[in-house]
Amino acid sequence: MSVIRHPSTLDRASLKPRILHIGFGAFARAHPMVYLQEGIETAGGTWGVVAARLNSGVEDLDRLAEADHLYHVAEADGDQTQLREIGVLCGTCHPARDGADALPALIASGDLSVILLTITEKGYCTSGGALDLTHPGIRADLEGAEAPRTAIGVLVAGLARRRAAGQGGLTILSCDNQPANGRLTRRAVVGFARAQDPELAAWIEGTVRFPSSMVDRIVPAMTDSSRAEVAEALGRDDANAILCEPFRQWVVEDDFAGEAPPFAAGGALLVPDVEPFEDMKLRLLNGAHTTLAWAGQLLGYETVAEAMTDVPLCAAVRRLMLAEQAPTLDLPAGVDVADYAEDLLARFTNTRLHHRLDQIATDTSNKMPQRLFAPVEQSITAGRPWPVAAVAIACWVTGLQRLAPIADPRQEALRAAAASDRPVAGVLAVPGVIPPTLAHSSEFESEVTAAYDRIEAQGLSSVLSALMEAT
Ligand code: NAI
Ligand code: CS2
């Protein structure tokens with residue numbers, strides 16, 4: 001293995017807690033922190049980060065603190081590993097360890113300028129693009145018997161403190177795989193504030209910015225294999241390290257409440273409109289990922305790279321990208337979608353990542369809308385066929401019947417529906433799964449049901465082979 005090391009050159013003593021990252025997990029380590037590290041090394045700045053989590057992961061944050069908040073990112077592909085030392089962290093914060101008041105107090109502090117979020121699609125507590133006021137966590141936070149536990153509740157509590165302290169606005173930047181993630185975050189935060197205190201909601205609307213961003217880097221959960229590979233490259237264990245692919249992309253809406261951190265100096269692209277980049281990435285990369293996740297597991301594969309060795313499945317994913325998802329896109333200027341798709345397929349074959357299909361399959365009910373349902377709705381409206389997407393959604397239903405339970409906010413209802421005598425109709429009828437506009441489409445249910453029936457009758461391999469021969 002050839003290893004190229006990039007030790008941190010930051011003056012860490014100069015760092016101030018100007019950025020708070022809520023949901024500091026694998027992706028936070030490997031993506032925004034790398035852009036910031038490179039950005040400060042290039043352009044300077046005192047942009048220190050406090051890493052925070054809410055309802056889990058105290059031990060992860062303690063491990064970071066024990067390592068003086070230093071860790072490594074191993075960018076791995078083939079026999080090469082680039083090892084980056086990341087020194088941007090200046091602290092950690094967790095309500096369970098530091099008290100419920102710690103995060104709101106941090107949000108109210110004068111040093112704080114930007115809040116980053118990687119709280120997963122379900123962390124926004126939204127349904128149909130708006131705050132779900134029936135969400136148990138939101139209801140509990142609004143009742144206020146205890147300190148807020150949802151990310152949205154914690155953000156609003158902090159903003160209320162910030163307003164009361166006479167501090168100015170700040171920027172809340174979502175780094176989650178949601179379309180228009182900035183607008184979604186704004187609707188959730190303002191919706192929660194409005195339900196509590198309309199004047200606070202008005203202050204937030206006037207002083208807090210919610211830029212959208214498209215984030216891309218494949219960062220699987222660490223496995224024993226990836227930990228061993230990092231230790232081999234580094235020459236010692238690093239319990240806080242993360243292994244990921246070399247590729248990274250960050251397209252950020254240029255809409256900050258004050259000075260922007262040097263993300264652009266670290267390679268991020270600041271643009272007026274992120275949407276074309278978001279849709280392209282969520283529908284081509286993530287739509288293919290969800291297809292691989294369910295079809296690949298049904299075929300007996302464990303990782304993305306293994307699933308990509310299945311010729312009919314790989315052909316189906318390529319066809320999904322180019323024939324079904326690409327025509328729904330308003331592509332960013334200068335992008336060749338065929339090249340983009342081939343680059344994605346090549347990235348998927350990276351065997352160093354050990355990217356588990358059952359990890360991608362988690363929270364599928366929160367992922368389907370932007371990855372497959374939205375493009376399918378456009379295909380139906382345009383009168384275009386969508387055979388691969390139909391098989392992919394049918395694989396989800398079949399997987400809910402045949403595979404071991406996979407975490408999903410709607411898991412119990414989904415598995416019960418899949419076990420019913422009308423599995424496709426049952427799954428699609430689970431509240432919050434499909435958008436109302438698609439629910440009324442007779443074509444949608446009939447095409448997915450037909451695909452499901454073919455899988456039952458002929459087996460998935462035969463169905464995928466038939467798709468490949470039909471191209
Ligand atoms: P992870 O499992 O390492 O971290 C998930 C983080 O979300 C943890 O800090 C956890 O505490 C927090 N979280 C989970 N449920 C929550 C909830 N209901 N409310 C508040 N916080 C919650 O996962 P990872 O890899 O860091 O991914 C996180 C998100 O980053 C993804 O859901 C996705 O939106 C985005 N992302 C991930 C990529 C990847 O390849 N891992 C690539 C692009 C985006
Ligand atoms: C994956 C994404 O787990 C999943 O849902 O599809 O985390 C994927 O790895 C990233 O979006 C790649 O940028």
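This is a predicted model: local features need pLDDT of at least 70, side-chain atom pairs count only at pLDDT 80 or more; totals for chains, interfaces and linings use all residues.
**Figure 1. Surroundings of ligand 1.** Ligand 1 is surrounded by 20 residues, and the closest are A26, F27, D176, N177 and V219. From D176, a polar side-chain atom lies 2.7 Å from an oxygen atom of ligand 1.

**Figure 2. Surroundings of ligand 2.** The residues around ligand 2 are N177, D216, R217, I218, K281, L285, N286, H289, H355, I360, K367 and R371. A polar side-chain atom of D216 is 2.6 Å from an oxygen atom of the ligand. N177 has a polar side-chain atom 2.9 Å from an oxygen atom of ligand 2, and N286 has a polar side-chain atom 2.9 Å from an oxygen atom of ligand 2.

**Figure 3. Packing of helix α13 against helix α17.** Helix α13 spans residues 311-325 and helix α17 spans residues 387-402; their axes are 8 Å apart, at an angle of about 125°. The two helices are therefore oblique to each other. Where α13 passes α17, the crossing is left-handed. On the α13 side, A316, R319, L320 and E324 make the contact, and they meet P387, V388 and A389 of α17. By class, this contact comprises 5 nonpolar and 2 charged residues, with no polar ones.

**Figure 4. Packing of helix α13 against helix α14.** Helix α14, residues 337-348, packs with α13 at an angle of about 150°, and the axes are 10 Å apart. α13 and α14 are therefore roughly antiparallel to each other. Their crossing is right-handed. V317, R318, M321 and L322 of α13 meet V337, A338, A341, E342, L344, L345 and F348 of α14. The classes represented in this contact are 9 nonpolar and 2 charged residues, and no polar residue takes part.

Conventions. Residues are numbered from 1 along each chain as its sequence is written. Chains are lettered from A and ligands numbered from 1 in the order in which they are written. Side-chain values use heavy atoms; hydrogens and water are left out. Axes are lines fitted to C-alpha atoms, for helices over the stretch in contact, and angles run from 0 to 180 degrees between N-to-C directions. Helices (H or I, at least four residues) and strands (E, at least two) are DSSP runs, numbered from the N terminus. Angles under 35 degrees count as roughly parallel, over 145 as roughly antiparallel, 65 to 115 as roughly perpendicular and the rest as oblique. A crossing is left-handed if the near helix is turned anticlockwise from the far one by less than a right angle, and right-handed if clockwise. Contact means heavy atoms within 4.5 Å. Ala, Val, Leu, Ile, Met, Phe, Trp, Tyr, Cys and Pro count as nonpolar, Asp, Glu, Lys and Arg as charged, and the others, Gly among them, as polar. A residue is near a molecule or strand if one of its heavy atoms lies within 4 Å of it. A polar contact is a pair of N or O atoms within 3.5 Å; within protein, one must be able to donate a hydrogen and the other to accept it, and residues adjacent in sequence count only if both atoms are side-chain atoms.
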